[in-house]
Amino acid sequence: MLTENNRIKDVYANPIGRDIIKKILLQMGVKEHAITNPLVSNLKLKALPKLLKKQIDDRFVETLLELLNSEPDVPQTDTCPIQKAWWKEAVFYQIYPRSFKDRNGDGIGDLQGMIEKLDYLKQLGIDAIWLSPIYDSPNDDNGYDIRDYQKIMTEFGTMQDFDVLLQEIHSRGMKLIMDLVVNHTSDEHEWFQKAIHEPNSPYHDYYIFKDNPNNWTSFFGGSAWNYIEECNQYALHLFSKKQMDLNWESEAVRKEIQDMVKWWLNKGVDGFRMDVINYISKREGLPAGNESIGALMEYTGVEHYFYGPRLHEYLRELQAKAFAPYKAFSVGETPGTGMEMSKLLTADYRKELDMVFSFDHLETPGHVRFDDYQYDLNYLKEYMIDWMEHYTNHCQPSLFYENHDNPRMISKVNSDIRYRNVLGKLLAVIQLTLRGTPFIYQGQELGMINQEFKDISDLRDVEAINLYQDLCKTMSEKEAFHKILAGTRDHARTPMQWSDEPFAGFSDVTPWIAMDHDYQICNVENQQKDKTSILRFYQRLIAFRKENSVLQYGDITITNKRAKDLFTYYRKNESETLYVECNLSAVALERREFPNGDRLLSNYDEVSSAYLRPYESAIWKIKQF
C-alpha cells in the first residue's frame, strides 16, 4: 500500500501510477524527465501540494493514493510467443452507417446501402466490419443513445435487412462486429421510463439517481446530473442529457446486458466494439470529484469512474457468461487508460477484453482535439516505440488514426494539398506494418480530409454544438466557431465519397449533413481507375500484409530511435526480414543507410540512394546471408 510518505519514484514504479503520471504529463505537455530525474523522483508525495499549490490541492494526494491502492494486480512481464487468433490477422473497417451509402433516397445511409458496397470492401481486402450503432435511437448522439437494443433504427432499415447484411458479409468470408453501448441508454429506453415513472420498481435501480447532485461534469458540457421531475431526483449522464448512465452495481442490469449480447451472438454476430466500457464501474458513494484533477483533465469526477473499482470483475463476468461460450471477439473503447491499465484489461490470461482502443496518440503533448495545431509525427513515433517494445505478447495493440469521434489524420498532420497523396500512403504503411491489428475508418483509404464547414448550422455533432454555445459566452461567434472547427467529430461523419456525381454518389438527394466539394477530386470511382491512388495503394498494402505473416506475428526491432523525422524498423521471423523506412516530415531527409535488399512497396516510384523525399515510406525485403 502506498502512502503520502512514499516518493514519486514509488508511484512511477506502480503500473497504475505510471499511467496516471504519463497522462498528466501528456495533458501538460511536459516530458517524462521532469518526473524521473533524481531531484523530483525522490520527493515525498505529501510535499506535492506545497510545491504545486497553483496546480493541485491538498486532496490531490489522497485521491491519487485511493486510485493507486485500488489495483492489487500488476501485469506479467514474461516473454512468450503470440497466441494466434483470427482478429490478430484481420484488417478491420469501421462503417458509420448514417454516412456510408444511402440506398432508399432519403439522404441517410442505410443497411441496403451497406449491402450494395460489400464487394468494394472485399476487394479492398477487409476481413471484418465494425458497424457503429444501428439500434433504435432518438439520435441525440447519432445512435449512441439506444432506445431499444433489439430493434433496428427505422432510418437504417429493418431486422430483415440486417439479417441479409450479416448473411452477405459471411458469404464473402468477412466477419461483423457491432457497437455495444452499455455504459448508458437513451432516456427514452423502456428501462429508464419505468425507472422514473415507477420509482418503487426494480427498474429504478437500473440507473444512478441522487437526491442531490455532486460536482461531476459531463463530457458534453455542464453538469453530469439532470433533474428528473417525475421522481424528484437527479440522474447521472456522463454524456448528453438524453444518455443516462446504467447502474452496473445492479445484478439485474448485468443480466439484461448479458442476455442482450447473447441474443445478437445467436444471430451470428462475431463480436462487439464496446463503447466507453471502462466507465461502467463508479466508485461507491459517488464522491465529489477533485477540483484540481478536474481542471487538469477538463472533466471533474473522472478519477472516480475511468478505472473503477469493479471494472475487471464486470468484464470477466461478461466475458465468461456471454462472450466466451460463442468465442466472440471484443475490443473496448477505453479513454483515459494507459498502457499498464490496458495490459490488465487485455492480457490473454486475464479473460476480460481481447483488445482496447487507447487514444493518447491522437493528440500531441499539451494539446486536445479542439486545439488548432499541426500534429508532429515524431510524437506518433515516440508513442509507437513505447507500445511496440513494452506492450507484451500477452496483449495485442490496436492500430488506428481515425474513427467517428476524431478529425481526419491527414488534415491534422499537414493540410498542404501537395502532400496529400504521399502522406496518406505513409500513414498506411505505418499502420499496416507495425505489430497489431489495423482498424481503417471509412474514407481513410481514399485520403479523405477535414471538411470546409462554413457555419454552425452545418454541424450535427452535439458535443461541438454544446461547446460552441458555451464558448459564445466568453468570445465572439466567429472565434467560437473557429475553435470547434478544429475538433468537431463531424469532419469524420460527412458522406463517403463514392464518385464525382452530385452528393458524391452517396445519395440522390441532399445528405443529412453538409459536405464540401472535395468529392469532385477524391472519390472511389476515380481512385479505382488510378494506379497511383491512395485507394489502390491500400489494396496492395493490405494484400501484402496478408501474404506475409511476419507482419502479423513477427518480432519488431526499431532502429534510429533518436533520429528526428526518421522512423525505421525491422519485422522478422524465422524465414524473412522486412525493413520499413519512413520520413515523417515534409522536407527531404538525408539517408543514414541504404537497405541491402529489394524495395517491395513505396509511395514514390523511384528510389534515391541519398535522400528520403517528403513523407517517403518504403518496405524492403532484406537479403539473408
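Tyrosine 149 counts as buried, because its relative accessibility is 3% and the cut-off for buried is under 20%. The model discussed here is a predicted one. Tyrosine 149 belongs to strand E4, which covers residues 148-152.

Proline 595 lies 446 residues from tyrosine 149 in sequence. In space, the C-alpha to C-alpha distance between tyrosine 149 and proline 595 is 54 Å.

## A positive patch on the surface

A patch of positive charge on the surface is formed by Arg7, Lys9, Lys44, Lys46 and Lys50.

Three strands make up an open sheet with antiparallel pairing, in the order E7-E9-E8. Strand E7 (209-210) and strand E8 (225-228) are at the edges; each has a single partner strand, so one side of each has no neighbour in the sheet.

E7 and strand E9 (residues 233-236) run antiparallel and are joined by 2 bridges. Across from lysine 210 stands tyrosine 234, which is in E9.

Note on methods. Residues numbered from 1 in each chain as written. Predicted model: local features only at pLDDT ≥ 70, side-chain atom pairs only at ≥ 80, totals over all residues. Heavy atoms only, no water. Patch = residues over 30% accessible without salt bridge, like charges linked within 9 Å, V, L, I, M, F, W, Y side chains within 5 Å. Areas by Shrake-Rupley, 256 points an atom, 1.4 Å probe, with all protein chains shown as cover. Salt bridge = Lys/Arg side-chain N within 4 Å of Asp/Glu carboxyl O. Lys, Arg positive; Asp, Glu negative; His and termini not counted. Charge placed at Lys NZ, Arg CZ, Asp CG, Glu CD. Pairing = 2+ DSSP bridges. Helix = DSSP H or I, 4+ residues; strand = E, 2+ residues; numbered from the N terminus. Buried < 20%, exposed > 50% of the residue type's maximum accessible area, 1.4 Å probe, protein only.
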